[in-house]
Amino acid sequence: AKTQAPTDVGRLIVNSAADNVSVDSVLTLREAMLAAKGSAIGGWSAGEQAQMPACVFNGSGDIIGGCGAGTQEMIVFDSGLGGAPTFALFSSLPIIDDSNSLIIDGGTVFPILDGGAMPGGTDILIITSDGNSVSNLSIINSPRHGVRIESANNTLSGIFASNNLGS
């Protein structure tokens with residue numbers, strides 16, 4: 001069962017706790033964030049496309065509309081990940097810097113973003129654009145800031161932060 005989002009928002013459904021970008025059958029958080037920014041536009045597999053119902057793809061698996069830069073997306077987490085799955089991150093997640101808002105909602109899955117394997121002095125999540133929302137996540141073991149916000153009118157709710165060196 002997949003988490004539902006408002007119909008006017010493009011859903012990107014994360015169904016893997018891996019921290020990679022590769023053409024395979026699953027959508028990782030890193031891939032979903034890159035798709036939301038419009039930074040990853042090509043070669044999506046059929047399995048990945050199924051996790052991005054708002055996106056429009058051509059025959060080569062390239063995103064040609066419906067999601068990406070300038071559109072509002074909502075990243076949600078598939079309930080098949082189980083409760084509180086750990087996402088062991090190896091580097092900062094892609095910067096949230098789109099001209100339209102991004103919503104990241106852990107919902108009832110409540111994923112754990114663990115920065116314990118990240119290089120020193122890095123942040124797990126960086127927000128540089130206005131009007132974004134991040135909710136229902138745990139952010140732990142960041143080498144610096146768990147969440148660094150450099151903009152206005154952003155909402156954090158239901159965030160559990162622990163052992164983050166900067167904040």
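How many of the five residues of strand β1 (residues 10-14) are buried? The legends below begin with this strand in a predicted model.

**View 1. Strand β1 within the predicted model.** Five of the five residues of β1 are buried, so the strand is largely enclosed by the rest of the structure. In a regular strand, side chains alternate between the two faces of the sheet. Both faces of β1 are covered: Gly10, Leu12 and Val14 are buried on one side, and Arg11 and Ile13 are buried on the other.

**View 2. Pairing of β1 with β4.** Strand β4 spans residues 73-77 and pairs with β1 in the parallel sense. Five bridges make up this pairing. Among the bridged residues, Ile13 has Val76 of β4 as its partner.

**View 3. The largest nonpolar core.** This core contains 35 residues. Leu12, Leu29, Ile75, Phe77 and Leu113 have the most contacts inside it. Two or more residues each come from β1, α1 (29-37), β4, β6 (102-105), β8 (125-127) and β9 (133-140). Helix α1 gives the most, with six residues.

**View 4. Surroundings of Leu29.** Once neighbours within four places in sequence are left aside, Leu29 is in contact with Val14, Ser16, Ile75, Phe77, Phe87, Leu93 and Leu113. Of these partners, Ile75, Phe77 and Leu113 are named with Leu29 among the residues that have the most contacts inside the largest nonpolar core.

**View 5. Asp78 in the loop between β4 and β5.** Asp78 lies in the loop that connects β4 to β5 (86-88). Its relative accessibility is 11%, and the cut-off for a buried residue is under 20%, so Asp78 counts as buried. The side chain of Asp78 reaches the backbone nitrogen of Gly80 at 2.6 Å.

**View 6. The protein chain as context for the close-ups.** The chain has two helices and eleven strands, which follow the pattern β-α-α-β-β-β-β-β-β-β-β-β-β along the sequence. Its radius of gyration is 15 Å, close to the 15 Å given by the globule rule for 167 residues, so the chain is as compact as a globular protein of that length. Along the principal axes, the C-alpha atoms fill a box of roughly 45 × 30 × 30 Å. Buried residues account for 47% of the 167 residues. Of the contacts between residues at least 6 apart in sequence, 57% join residues at least 24 apart. The accessible surface amounts to about 6900 Å², and 53% of it belongs to carbon and sulfur atoms.

Conventions: Residues numbered from 1 in each chain as written. Predicted model: local features only at pLDDT ≥ 70, side-chain atom pairs only at ≥ 80, totals over all residues. Heavy atoms only, no water. Buried < 20%, exposed > 50% of the residue type's maximum accessible area, 1.4 Å probe, protein only. Helix = DSSP H or I, 4+ residues; strand = E, 2+ residues; numbered from the N terminus. Pairing = 2+ DSSP bridges. Core = buried A, V, L, I, M, F, W, Y, C linked by side-chain atoms within 4.5 Å. Contact = heavy atoms within 4.5 Å. Rg over C-alpha atoms; globule rule 2.2 N^0.38 Å. Areas by Shrake-Rupley, 256 points an atom, 1.4 Å probe, with all protein chains shown as cover. Polar contact = N/O pair within 3.5 Å; in protein donor to acceptor, adjacent residues only side chain to side chain.
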